Amino acid sequence: MDEGRKRVVIERVRPEIDCGRFPIKRVVGEKVTVRADIFADGHDSLSAVLCHKKEGAPVWNETHMKYLVNDRWEGQFPVDEIGFYRYTIEAWVDRFKTWRADLAKKANAGTGTRVDLLIGADLLGEAAGRASGPDAERLQDLARALRTVPDDQTAFDLSFGDEPASLMAKYPDRRFATGYGKELVVFVDRTKAQFSAWYEMFPRSCSAEPGRHGTFADCEKRLPYIASMGFDVLYLPPIHPIGTTNRKGRNNRPDAGPDDPGSPWAIGSSEGGHMAVHPQLGTLEDFRRLVEKGKELGVETAIDLALQGTPDHPYVKDHPEWFRWRPDGTIQYAENPPKKYEDIYPFNFESDSWRKLWEEIRKIVFFWIEQGVTIFRVDNPHTKPFQFWEWLIAEVRSVRPDILFLSEAFTRPKVMYDLAKVGFSQSYTYFTWRNTKWELEQYFAELTQTEVSEFFRPNLWPNTPDILTEYLQMGGRPAFMIRFILAATLGASYGIYGPAFELCEDRAREFGSEEYFGSEKYEIRYWDIDRSDSLKHLIAMVNKLRRENPALQSGRNLRFHAISNEQLICYSKHTDDLSDIILAVVNLDAHHAHAGWLDIPLSLFGLDPHQSYQAHDLLSGARYLWYGSRNYVEIDPNVVPAHLFRIRRRIRTERDFDYFM
């Protein structure tokens with residue numbers, strides 16, 4: 001046993017989520033950067049490798065780690081396919097590197113001896129025994145040369161040349177290497193898990209004729225409008241039959257009129273449950289056609305996975321054990337005191353038949369996958385067991401690792417984060433209520449600059465059918481522009497509930513409420529999408545810029561910068577190679593113009609402090625020639641409430657003229 005001769009310690013490996021309990025997340029084409037504290041007793045030199053492989057691969061790949069500072073080491077590996085990868089670390093005392101370091105010190109002090117050269121020759125000879133072919137022969141040649149070196153200069157050239165170092169790194173002595181002891185995991189998604197633009201729309205409200213119930217065919221006709229704004233995900237609230245018992249009326253009234261359509265989240269009637277479509281919307285064939293037409297335009301269809309039923313759902317009759325029964329012989333309806341949702345029966349995940357319930361939900365998900373659905377927005381996942389979600393998502397990934405799940409959980413942070421850990425691809429956030437500069441900077445620093453960024457992918461929504469914030473109610477059209485630009489540029493994924501958003505719908509049901517007046521949750525609305533005051537042109541422009549600028553397609557590269565006005569927020573994103581640098585300045589005050597001096601992080605952007613550079617405003621088209629770190633901006637929210645600069649460095653060519661890139 002050689003355990004007593006393993007001298008290296010490997011600690012504080014990052015990223016590592018909950019001691020390796022959960023995988024980190026990446027998308028295809030990204031790199032995984034791994035850091036660790038690696039050290040040993042004494043002063044010997046060390047070597048370390050980052051070991052990585054695709055799940056199921058028989059052989060590990062290795063990438064040499066580099067020393068940073070204070071015993072911190074770093075390595076990287078790329079991920080090129082959807083699925084699971086594994087990674088770990090191995091490190092050892094490197095006798096050859098130690099010998100070279102000691103020899104250099106002795107050479108500088110003039111104390112080197114022939115014995116020191118013979119030690120190096122022995123190390124080369126031992127490596128020859130681990131090598132084969134031409135490499136083995138060359139190592140033997142180098143060992144012989146070092147033993148018979150005629151003078152000090154030749155000895156120096158041989159000892160410190162690149163060739164011996166390269167060969168010894170290829171065939172190191174790893175007999176006493178220390179392994180980390182864990183295989184950590186990364187799950188790699190397709191790109192849309194990280195970078196997407198969502199458009200939520202009620203299909204029953206997309207009719208071109210006021211008062212008529214919309215259909216899937218009407219949705220199909222609206223697809224070009226959605227695609228023209230640059231959205232690549234169309235999210236439909238539940239499309240299933242709606243119950244009639246205890247149906248809610250307009251504006252969430254407990255008494256429904258004969259013509260009230262009810263809430264789509266009240267799923268289930270005599271016409272079917274979770275594997276049926278509302279007959280007024282059309283047929284399953286109509287739905288499949290909508291999905292296919294969307295894909296032709298680059299728009300994927302996401303549907304709502306709402307795990308609940310109505311008193312009329314077939315499950316109530318066929319599987320009463322899946323619901324919670326009260327002492328008076330009735331089923332427990334959903335409530336959030338003092339609110340009552342008597343039209344909705346939650347599933348009982350503590351039922352004795354929980355396994356059959358799980359299997360039924362799995363059946364539902366795969367049914368819709370068979371209809372062409374590749375994305376699920378999950379309603380209130382925080383009210384169902386974490387263990388269930390971990391099982392369900394793993395079941396789906398084992399067959400279709402391309403399927404994405406968005407967690408709609410506006411709840412406590414630890415609960416939101418744990419849902420992300422168990423497998424949700426994206427997550428709703430508190431962005432909806434973060435309005436001040438301090439709130440935004442603190443919150444997004446947590447999301448992007450801490451361990452949270454390794455597993456939690458934010459999806460930013462300025463509004464939802466449930467949420468019309470006070471900021472939007474009071475700020476008019478500029479408020480909608482401000483929140484849209486923030487959502488589309490702070491994060492890599494965002495969504496809006498439309499057409500309410502682009503038409504700046506800002507009327508609440510009552511003062512102090514975040515519910516819409518005339519909410520589509522309870523009635524059919526007609527929307528004039530051709531209105532001249534629509535934000536559709538701004539939305540289309542920003543989505544085009546998001547596609548054209550890779551810097552805007554990630555969240556972990558977000559950095560905030562100082563600006564001398566608390567009503568202005570300044571932040572940047574850039575690619576690793578600095579080929580794309582985006583600097584955003586947004587006026588957070590929807591009512592007044594503001595100006596300020598911002599501090600450009602020249603070193604972060606690779607800018608020469610002695611050279612001017614160009615700030616090209618991609619929203620207005622204006623170009624500014626800036627010099628140094630301190631520059632002036634002013635923004636009127638009634639025009640465009642933000643600058644979205646692309647920073648271009650000055651390049652001098654051989655012909656002695658300048659251009660910007």
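Which residue lies over the face of F431, and at what distance from the ring centre? R483 takes that position, at 4.1 Å from the ring centre of F431, where a charge counts as sitting over a ring if NZ of Lys or CZ of Arg is within 6 Å of the ring centre and within 35 degrees of the ring normal.

| Charged residue | Ring | Distance from ring centre |
|---|---|---|
| R483 | F431 | 4.1 Å |
| R355 | W391 | 5.9 Å |

The model is predicted, so local features need pLDDT of at least 70 and side-chain atom pairs count only at pLDDT 80 or more, while totals for chains, interfaces and linings use all residues. Residues are numbered from 1 along each chain as its sequence is written, and side-chain values use heavy atoms, with hydrogens and water left out.

**Annotated site**

An unreviewed UniProt entry lists D379 and E408 under "active site"; its positions are given in the numbering used here, feature names are shortened, and annotations may be inferred rather than shown by experiment. Although these residues span 30 residues in sequence, no two of their C-alpha atoms are more than 5.4 Å apart, so they gather at one spot.

D379 belongs to strand β18 (residues 375–379), and E408 to strand β19 (residues 404–408); helices (H or I, at least four residues) and strands (E, at least two) are DSSP runs, numbered from the N terminus. D379 is buried, with a relative accessible area of 8%, and E408 is likewise buried at 6% relative accessibility, buried meaning under 20% relative accessible area with a 1.4 Å probe and protein chains only, as against exposed over 50% and partly exposed in between.

Contacts are heavy atoms within 4.5 Å. Leaving out residues up to four places away in sequence, D379 touches W265, D304, L305, A306, Q308, K384 and E408. With neighbours within four places set aside, E408 is in contact with R377, V378, D379, N380, P381, H382 and Y428.

**Aromatic residues**

The structure holds 42 aromatic pairs, counted when ring centres of Phe, Tyr and Trp (its six-membered ring) lie within 6.5 Å, with planes under 30 degrees apart called stacked, over 60 edge-to-face and the rest tilted. The rings of W389 and F424 have centres 5.3 Å apart and planes at 65°, so this pair is edge-to-face. W389 lies in helix α10 (residues 386–399) and F424 in the loop between α11 (413–421) and β20 (426–428), so the pair ties together parts 35 residues apart in sequence. Both W389 and F424 are buried, and they belong to one aromatic cluster whose members include F376, W391 and F405.
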